[in-house]
Amino acid sequence: MTVTAVKVFAKAPLPGRAKTRLAPALGERAAAKVAESLLAWNAQLCSQLPPTMAVEYQLSPGPDAACWQAFRGLSAFSSVEQGEGDLGQRMARAASRGVREASGVILIGTDCPSLTAAHLRWAESALQNVDAAVIPATDGGYVLLALAGECAAVFDGVAWSTDKVLAQTRRRLADAGLRWQEHTPLPDLDVASDISAQPAAFIECCPPLRRYRERVSG
């Protein structure tokens, strides 16, 4: 059976550490609760993936940290520490390991409740025909990057957490001579203005977002 590695990047859902750009609107504790809901939502997504996808969470801090003991949602999955370096360096390491372990690698985070198992199956299928697959984020980044082989240059010199990420990634894919497919963009959840674009089912299961929606609509 051909296997695709799925590497999920996640921060511990701690006040002052997770979803800090939501904190001005929600408060640090509520923002951390949103991060916890996103993790649980993502774990449910990963539980729906077929046996051809091997999920491994890339955690910050590492899985042995005490803060993860209170969050049981990831116990069904393998997990490792993200390690040192900027986001590009951490993603490059995970991608390199993934293409050595499997026929391809899919990199995602936990910030996009609109991402479904069907999207990951689309990326897995795309890698049978092209070198890479991308699902853009509506804010100029991306919510998924899949690679069929080693390509560390895709992560070099990218202005992470800006609206330049997607354009720079496209340029690096092209410079490397890779062929890629892109999907319709999906909305990340990073700042308060992103909340209205999230799936209603996610907002309903996340009390801080539900309260925020009621407050701004009332």
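I began with strand β1, which is mostly covered: seven of its eight residues are buried. I took buried to mean under 20% relative accessible area, exposed over 50%, and partly exposed in between, with a 1.4 Å probe and protein chains only. The model is predicted, so I noted its limits: local features need pLDDT of at least 70, side-chain atom pairs count only at pLDDT 80 or more, and totals for chains, interfaces and linings use all residues. Residues are numbered from 1 along each chain as its sequence is written, and side-chain values use heavy atoms, with hydrogens and water left out.

**Entry 1: the sheet**

For elements I used DSSP runs numbered from the N terminus, with helices being H or I of at least four residues and strands E of at least two. I counted two strands as paired if DSSP finds at least two bridges between them.

I looked up the strand order and found an open sheet of seven strands, β3-β2-β1-β4-β6-β5-β7, with mixed pairing. The edges are β3 (78-81) and β7 (180-182); each has a single partner strand, so one side of each is left without a neighbour in the sheet. From one strand to the next the twist averages 20°. Axes here are lines fitted to C-alpha atoms, for helices over the stretch in contact, and angles run from 0 to 180 degrees between N-to-C directions.

I then followed the partners of β1. It runs parallel to β2, and eight bridges join the two; Ala10 has Leu59 in β2 as its bridge partner. With β4, β1 pairs in the parallel sense over five bridges, and there Ala5 has Val105 as its bridge partner. Val134 stands opposite Glu182 in β7.

I also checked what covers the sheet. Helix α3 (residues 87-101) lies across β1 (4-11), β2 (53-60), β3, β4 (104-108) and β6 (142-147), and runs at about 155° to β1.

**Entry 2: aromatic pairs**

I paired rings of Phe, Tyr and Trp (its six-membered ring) if their centres lie within 6.5 Å; planes under 30 degrees apart count as stacked, over 60 as edge-to-face and the rest as tilted. The count comes to two aromatic pairs. Trp41 and Phe202 are edge-to-face, at 5.2 Å centre to centre with 80° between the planes. This pair links distant parts of the chain, 161 residues apart: Trp41 in helix α2 (residues 28-47) and Phe202 in helix α6 (residues 200-204). Trp41 is partly exposed at 28% relative accessibility, whereas Phe202 is buried at 0%.

Tyr57 and Phe77 form a tilted pair, 5.5 Å centre to centre and 55° between the planes. Tyr57 lies in strand β2 and Phe77 in the loop between β2 and β3, so the pair ties together parts 20 residues apart in sequence. Both residues are buried.

I inspected Arg172 in helix α5 (residues 165-175). Arg172 is buried yet has no salt bridge; the nearest side chain of opposite charge, Asp175, is 5.9 Å away. A salt bridge requires a side-chain nitrogen of Lys or Arg within 4 Å of a carboxyl oxygen of Asp or Glu. For charge, Lys and Arg count as positive and Asp and Glu as negative, while His and the chain ends are not counted. Neighbours within four places in sequence aside, Arg172 is in contact (heavy atoms within 4.5 Å) with Ala153, Val154, Asp156, Gly157 and Val158.

Last, I looked up His119 in helix α4 (residues 117-126). His119 is buried, with a relative accessible area of 11%. Not counting residues up to four places away in sequence, His119 touches Ser114, Ile135, Leu144, His183 and Leu186.
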